[in-house]
Amino acid sequence: MTYKIAIASGKGGTGKTTVSLNLFYTLQKQLDQKIQLVDCDVEEPNINLFTKGELHSVSDVNIKIPVIDSDKCVYCGDCASACAYNAILFVKSISHIAVLEDLCHGCGACTYVCNQPDVIVEKDKKLGEVNVYSLENGNELVEGKIEIGSAIAVPVIGKTLKSTDENALRIIDAPPGTSCPVMETIKDVDYTILVTEPTPFGLNDLKLMVETMRKMKGKFGVVINRAGLGNLAIYDYLKEEKIELLMEIPFDKNLARIYSEGKIMVDEVPAIYEKYVKLFDKVKLNLDEANSYS
Amino acid sequence: MKQIVIVSGKGGTGKTSITSAFASIAQNKILVDCDVDAADLFLITQPTILESHEYEGGKIAVLDPEVCTNCGICEELCRFDAISLVDGQTTISEFSCDGCKLCEIACPVDAIKMVENMDSRWFESETRFGPMIHAKLGIGEDNSGKLVTKIRDIANKKAKEQEIETVLIDGPPGIGCPVISTLTGVDVALMVTEPTLSGMHDLNRLIELAKGFKLKSYVLINKYDLNPNISDEIEALCLKEELEVLAKVPFNRDFVDAMVNQKTVVEYAPESELSKMLTEVWNRLEKD
């Protein structure tokens, strides 16, 4: 199997990382093949806190940003008008030009439009890195991480996904929210598991994610974490929208404690392991069905 | 005027529940929900929208296949891997396009136009706690940082006009683009964390980020009794970083029950220990 399965949620803190980890350890027991855990929550990657693998490769994620030679510049302003990010500060009257590096997305438009030789050269700017850790059984964690203070996450996510092994089953932990980092993470996956909780906040953010999934025409199902807290409105919503409920994890202080200590629930609680076995059966059924039609 | 923000690094630690509790306590304030990706504060404050505005979130490239000659120049230039050949036709992915307009500039036959993305909106509202500025980012849209800056500017302007003393801001999770826009220029940040390995790790990255800003930071440990040992470790981390822990709040179902009833926890259980504790925290934040 070489499926890519993403774990996402509009709301933060619903249990994405918990589900990613427990699904991974469940499959590690069940399947005799390479599995990769992929951490695309590049602002706050947490999976490594639990898996504690051995780091075996680090690669930087860079973008190319411009360096403008103000001695050779003829102050035409073409580069500043080409820049969609207001990252080039240009004041013609006083012949002033400067690159605002934090705003630059590294698209290359300024370099492309500059018609003077050698005025703009490009240098690397580090946005983050992709770390690969060895886990048990030849499995791996591929982790993306942005530099603190960097506002650009998407290229780091893109490179993290590109660094994964196409022959492995990949379990991908997505960032929270519904904006560009999430889209980048799930745009090419085979299936997305949406994790939510049965509270008004959980329901509202689930609705946003369902809208996102439908816009992207992606296959998805829902896991309800902390079942028993809050109210039942979320179950009515799933029924009305004909969305598959894949699994429920009960709210339980003991489970919360296991997570808080960095331990893995499926290793500690057999009933939870059974739930994850069934979860994957359901996901696989969806994936195999989709494959047999195509 | 003083700007106070509630942030967390990790999602789901209780930012919005705590912000709404402060909304019950604080006098003469304006509320701002900067979690424009997954805004939830409105579920508690139930705003009446007075004005709804379109927000120009940025442009994306749209290609006219009738004009396009499939020369491949744009595909080669695009650094966001947004352009590819699909069944012999050059195609731009709206999900990958960053809006840089290099393809529009370079296209020799003018087959590409930049088109405004108008899915995002921002709102000026009234609530039982006073005015509120909030927004809804279009699905999968870029530039949530810019939208955050926009609604904060509106709130600050309104605060000045109406002589409002406090701008109370509910922040987004993470440490990236929208968080940077949220922290820029604020006076006080309350970092809400939880006693889990993830909560502590994410707090640490947030503390590092906040060092780049001129603001006074405090920490609140929510659900501290779920793991008192890690809670102690967080306190040790805060001591080392010279950050004061203003409160250790025990796990309390009142937060969820209040939410289900569309109330702040202070409205739901005004006489509770929890409400008293949060009132003390607010008094400290306001004083500094």
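Chain A is divided into two parts: domain 1 covers 4-61 + 128-293, and domain 2 covers 70-118. The C-alpha centres of these two domains of chain A lie 41 Å apart. This is a predicted model. Chain A also touches chain B, through a contact that takes 52 residues from chain A and 50 residues from chain B.

**Chain A as a whole**

- Chain A has 11 helices and 11 strands.
- Its C-alpha atoms fill a box of roughly 70 × 45 × 45 Å, taken along the principal axes.
- Of the 294 residues in chain A, 47% are buried.
- Take the contacts in chain A with a separation of 6 or more: 75% of them join residues 24 or more positions apart.

**Helix H7 of chain A**

- H7(A) has 17 residues. From first C-alpha to last, H7(A) reaches 25 Å, close to the 24 Å expected at 1.5 Å a residue.
- Just after H7(A) comes Lys217(A), which takes a positive phi of about 55 degrees.

**H7 against H8 in chain A**

- Helix H7 (residues 200-216) and helix H8 (residues 233-240) of chain A pack at an angle of about 20 degrees. Their axes are 9 Å apart.
- At that angle, H7(A) is roughly parallel to H8(A), because angles under 35 degrees count as roughly parallel.
- H7(A) makes the contact with Gly202(A), Leu203(A) and Leu206(A). H8(A) makes the contact with Ala233(A), Ile234(A) and Tyr237(A).
- By class, this contact of H7(A) with H8(A) has 5 nonpolar, 1 polar and no charged residues.

**The side of chain B that touches chain A**

- Five helices of chain B each supply at least two residues of this side: H4 (102-106), H5 (144-161), H6 (177-183), H7 (197-210) and H9 (254-260).
- H7(B) gives the most, with 7 residues.
- The residues of this side of chain B divide into 22 nonpolar, 16 polar and 12 charged.

**Helix H5 of chain B**

- H5(B) is one of the helices that supply residues to the side touching chain A.
- H5(B) has 18 residues. From first C-alpha to last, H5(B) reaches 26 Å, close to the 26 Å expected at 1.5 Å a residue.
- Buried residues of H5(B) include Ser144(B), Gly145(B), Leu147(B), Val148(B) and Lys150(B). Also buried in H5(B) are Ile151(B), Arg152(B), Ala155(B) and Ala159(B).
- The buried residues of H5(B) pack against H6 and several strands of chain B. Those strands are S2 (29-33), S3 (48-55), S8 (120-127), S9 (130-136) and S10 (166-170).
- Just after H5(B), Glu163(B) takes a positive phi of about 50 degrees.

**H1 against H11 in chain B**

- Helix H1 (residues 15-25) and helix H11 (residues 273-287) of chain B pack at an angle of about 80 degrees. Their axes are 10 Å apart.
- H1(B) and H11(B) are therefore roughly perpendicular to each other.
- From H1(B), Ile18(B), Ala21(B), Phe22(B) and Ile25(B) take part. They meet Leu278(B), Thr279(B) and Trp282(B) in H11(B).
- By class, the contact of H1(B) with H11(B) has 6 nonpolar, 1 polar and no charged residues.

Notes: Residues numbered from 1 in each chain as written. Chains lettered and ligands numbered in written order. Predicted model: local features only at pLDDT ≥ 70, side-chain atom pairs only at ≥ 80, totals over all residues. Axes fitted to C-alpha atoms, helices over the stretch in contact; angles between N-to-C directions. Helix = DSSP H or I, 4+ residues; strand = E, 2+ residues; numbered from the N terminus. Parallel < 35°, antiparallel > 145°, perpendicular 65-115°, else oblique. Contact = placed C-beta atoms within 7 Å. Nonpolar A, V, L, I, M, F, W, Y, C, P; charged D, E, K, R; others polar. Domains from an automatic or database assignment. Expected span 1.5 Å × (residues − 1). Buried ≥ 20, exposed ≤ 12 C-beta atoms within 10 Å, placed from the backbone.
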